Amino acid sequence: MKTIVLLILLMTSQWTFAQTTCLSEGEKQLYDLIMAYRKTKKLGPIPYSEKLTRVAQAHVRDLTDYFDKDNDTGCNPHSWSKNGNWKPCCYTSDHKEAECMWTKPKEIAGYTGEGYEIAFYSSAGAQPFESLEGWKQSAGHNPLLINSGIWQKVQWKAIGIGIYRNYSVVWFGATEDSSVIQNCDN
């Protein structure tokens, strides 16, 4: 009897820790659009990161379920709610809570470097092309996409993407991530 219970516990714990992160069709399309845009700037592709994608997908769901875009707290979409397995924070335009964003990949997925996020919202639903176009027009977001300005000397070695309902986010990291996104096509 003890052997059966131990086997069940081992099987359950293996199943619990084995996670597969898949990209939706829209997330794949956004990745391709970003890489094509980078190519026009003579920049190389950024490898997918399973860990950063896991963070991105968690964040778009957290934003969808708990972020009040009309809030009067000053929190922007880089904020995290108290409703997950992470430390909540209110990210404000003065960047006083920037570390909260930078450390989310380690906190949530065990990514060894810091992460940097760009976020997009559309009341009509976030779409890959519109998300990229919005970021390209943003003085604060475009530099991450094309390694310009303060990001000029950074070489992105990992990228994670999440799109869900009205939000899309992209996470960038300068640390290699050996985790891979599985082929999840049905």
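Q: In what order do the elements of the chain run from the N terminus on?
A: The order is α-α-α-α-α-β-α-α-β-β. That pattern holds 7 helices and 3 strands, where helices (H or I, at least four residues) and strands (E, at least two) are DSSP runs numbered from the N terminus. Please remember that this is a predicted model, in which local features need pLDDT of at least 70 and side-chain atom pairs count only at pLDDT 80 or more, while totals for chains, interfaces and linings use all residues. Residues are numbered from 1 along each chain as its sequence is written, and side-chain values use heavy atoms, leaving out hydrogens and water.

Q: Why is Glu50 called buried?
A: Buried means under 20% relative accessible area, exposed means over 50%, and partly exposed is in between (1.4 Å probe, protein chains only). Glu50 has a relative accessible area of 6%, so Glu50 is buried. Across the 186 residues of the chain, 41% count as buried.

Q: What makes the contact of Glu50 and Arg54 a salt bridge?
A: The term asks for a side-chain nitrogen of Lys or Arg within 4 Å of a carboxyl oxygen of Asp or Glu. Between the side chains of Glu50 and Arg54, the N to O distance is 3.0 Å, so the pair meets that limit. Both residues sit in helix α3, 4 residues apart, about one turn of the helix.

Q: How many salt bridges does a search of the whole structure find?
A: The search finds 3. One of them joins Glu107 to Lys104, with the closest N and O atoms 2.9 Å apart. These two residues are 3 positions apart in helix α5 (residues 104-109), about one turn of the helix.

Q: Is Lys104 buried or exposed?
A: Lys104 has 1% relative accessibility, so Lys104 counts as buried.

Q: Why are Lys136 and Glu133 separated by about one helical turn?
A: Because they are 3 residues apart in helix α6 (residues 128-136).

Q: Which residues form a negative surface patch?
A: Asp94, Glu97, Glu99 and Glu114 form it. Asp and Glu count as negative, and patch residues have over 30% relative accessible area and no salt bridge, with like charges joined within 9 Å. The place of the charge is taken as CG of Asp or CD of Glu. Asp94 has 43% relative accessibility, so Asp94 counts as partly exposed. Its place is the loop between α3 (50-66) and α4 (98-102).

Q: What is the phi of His95?
A: Phi of His95 is near 65 degrees, a positive value in a residue other than glycine. His95 is found in the loop between α3 and α4. Arg165, also not a glycine, has a positive phi of about 50 degrees and lies in the loop between β2 (158-164) and β3 (167-173).

Q: Why is Arg165 called exposed?
A: The relative accessible area of Arg165 is 53%, which is over 50%, so Arg165 is exposed.

Note on methods:
Patches are made of residues with over 30% relative accessible area and no salt bridge: like charges are joined within 9 Å, nonpolar side chains (Val, Leu, Ile, Met, Phe, Trp, Tyr) within 5 Å. Accessible areas come from the Shrake-Rupley method with a 1.4 Å probe; for residues, only the protein chains shown count as cover.
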